Amino acid sequence: MARFIFPLQNLLNMKEKLEEQAKNEYSQANMRLLEAEEQLRFIIRRRERAEDALRDVVVETLDVREIKRREDAVEILKMYVRQQEIVVEQRRQDVEQARVKMAEAMMERKKFEKLREKAFTEFLAEENRKEQKEIDELVSYRYGIDGGEA
């Protein structure tokens, strides 16, 4: 039996590598998103502690300078939260883009695998036809020999 050679094997190999690269990019984008979300949670907890401290200062003392300082700290932390929310949203978009790219790479690879399967099926059918032809020729040859002597 002849050996099957898929003419587009190099292209299939390249598609597999591109898919693996897309998977890695998706994984990295997902990790960056998780880190950004964790950073957002950290800033929110910090803001909440600052708000609690501001409430305590307002209730306990009438030190206007301290109250103003605590209010400024809360406002700055609110700004950090808004900035980090923007970062988180950008990371989500990055993850979605990476997911789409990965899905496209998987579809491309699958297309080439289907082509290879189809080519292999055709190869097997052709090999089967050749084998059947050889058997028919052998049978005809033997029949010719046996039939001629009778």
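# A tour from ring to charge

Start by selecting F4. It is partly exposed, with a relative accessible area of 22%. Accessible areas come from the Shrake-Rupley method with a 1.4 Å probe, and for residues only the protein chains shown count as cover.

Before moving on, note that this is a predicted model, in which local features need pLDDT of at least 70 and side-chain atom pairs count only at pLDDT 80 or more, while totals for chains, interfaces and linings use all residues. Residues are numbered from 1 along each chain as its sequence is written, and side-chain values use heavy atoms, with hydrogens and water left out.

## Stop 1: the aromatic rings

A pair of aromatic rings is described by the distance of the centres and the angle of the planes. Here, rings of Phe, Tyr and Trp (its six-membered ring) pair if their centres lie within 6.5 Å; planes under 30 degrees apart count as stacked, over 60 as edge-to-face, and the rest as tilted.

How many aromatic pairs does a search of the whole structure find? It finds three. Helices are DSSP runs (H or I, at least four residues), numbered from the N terminus.

Is F123 buried or exposed? F123 is buried, at 15% relative accessible area. F120 and F123 are stacked: 6.2 Å between centres and 25° between planes. The two are three residues apart in helix α2, which means about one helical turn between them. F120 is partly exposed, at 34%. Show F4, F120 and F123 together: they form one aromatic cluster.

## Stop 2: the salt bridges

Side chains of opposite charge can pair when their charged atoms come close. A salt bridge is counted when a side-chain nitrogen of Lys or Arg lies within 4 Å of a carboxyl oxygen of Asp or Glu. By this rule, there are 19 salt bridges.

Select E108 and K15. Their side chains meet in a salt bridge, with 3.3 Å from N to O. E108 is in helix α2 and K15 is in helix α1 (residues 9-60), so this pair ties together parts that are 93 residues apart in sequence. E108 is partly exposed, at 26% relative accessibility. K15 counts as buried, at 16%.

Next, select K23 and E19. This salt bridge spans 3.5 Å, N to O. Both residues are in helix α1, four residues apart, so about one helical turn separates them. K23 is partly exposed, at 34%, whereas E19 is buried, at 4%. Together with E19 and K23, they are linked in a network of salt bridges.

One more pair: select D72 and K68. The closest N and O atoms of this salt bridge are 3.2 Å apart. D72 and K68 are four residues apart in helix α2, again about one helical turn. D72 is partly exposed, at 34%, and K68 is partly exposed, at 46%.

## Stop 3: the surface patches

Patches are made of residues with over 30% relative accessible area and no salt bridge; like charges are joined within 9 Å, and nonpolar side chains (Val, Leu, Ile, Met, Phe, Trp, Tyr) within 5 Å.

Select L8, L11, M14, L18 and L115. They form a nonpolar surface patch with about 380 Å² of accessible area together. Which helix gives the most to it? That is α1, with three residues. L11 is found in helix α1, and it is partly exposed, at 32%.

Now select E131, E134, D136 and E137. These four form a negative surface patch. For charges, Lys and Arg count as positive and Asp and Glu as negative; His and the chain ends are not counted. The place of a charge is taken as NZ of Lys, CZ of Arg, CG of Asp or CD of Glu. E137 is found in helix α2 (residues 64-149) and is partly exposed, at 47%.

## Last stop: E37

Select E37, in helix α1. At 17% relative accessibility, E37 counts as buried.

Key:
Buried < 20%, exposed > 50% of the residue type's maximum accessible area, 1.4 Å probe, protein only.
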